[in-house]
Amino acid sequence: ELLLDRLDVPPALILAGTGPYQNLVEEAAEKFEHVHFKGFISSKEEMAEYYASSDLGFALSSWETFGLSLVEALSSGLPLIAAGEGAAREHIEKSYAGIILDEVTEESLANAIVQFGKMDPKELAAKARSYASELSWSHCFDRQLEIYREAVGIEER
């Protein structure tokens, strides 16, 4: 409801997954014609389509450790509004591809969405993809090996 008051056009909101607040998501989907609930998406291809066709993603859980779903979204060029804790915060701070919420509230989320509307989506998408490209398994292992070599004083060959 806050967004309907602040935006010129109602945003199409697609929510997927399951969790403790699923009942609230289902209620919102019934109440607002622009809100859609897809449930759990098991198909990687279908999930990739949602990432690639969206303008903005949300990573509002403070429980993420590595945040693989965040990296998947970023690799698709999807900027994120993210919780201010855990992996979500770290990925957005390092990528510059989104907005961090210090506190996840209805008001802060609505403000962030309005703020996102004033940002350059192409620039955010490029930053997201660039950052995620550095997180391939190969790159991570190469970097870890480099750290070990530095720690024991072995020069790279």
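Does the span between the end C-alpha atoms of helix H8 agree with its 16 residues, or what else should they span? What span should the 16 residues of helix H8 have at 1.5 Å a residue?

1. The 16 residues of helix H8 (residues 137-152) should span 22 Å, and the end C-alpha atoms are 23 Å apart, which agrees. The expected span is 1.5 Å times one less than the number of residues. Helices here are DSSP runs of H or I with at least four residues, strands are runs of E with at least two, and both are numbered from the N terminus. Just after H8, Gly153 has a positive phi of about 80 degrees.

2. A word on the basis: this is a predicted model, where local features need pLDDT of at least 70, side-chain atom pairs count only at pLDDT 80 or more, and totals for chains, interfaces and linings use all residues. Residues are numbered from 1 along each chain as its sequence is written, and side-chain values use heavy atoms, with hydrogens and water left out.

3. His36 sits in strand S2 (residues 35-39). His36 counts as partly exposed because its relative accessibility is 34%, between buried (under 20% relative accessible area) and exposed (over 50%), with a 1.4 Å probe and protein chains only. Leaving aside residues up to four places away in sequence, His36 touches Leu13, Ile14 and Leu15; contact means heavy atoms within 4.5 Å.
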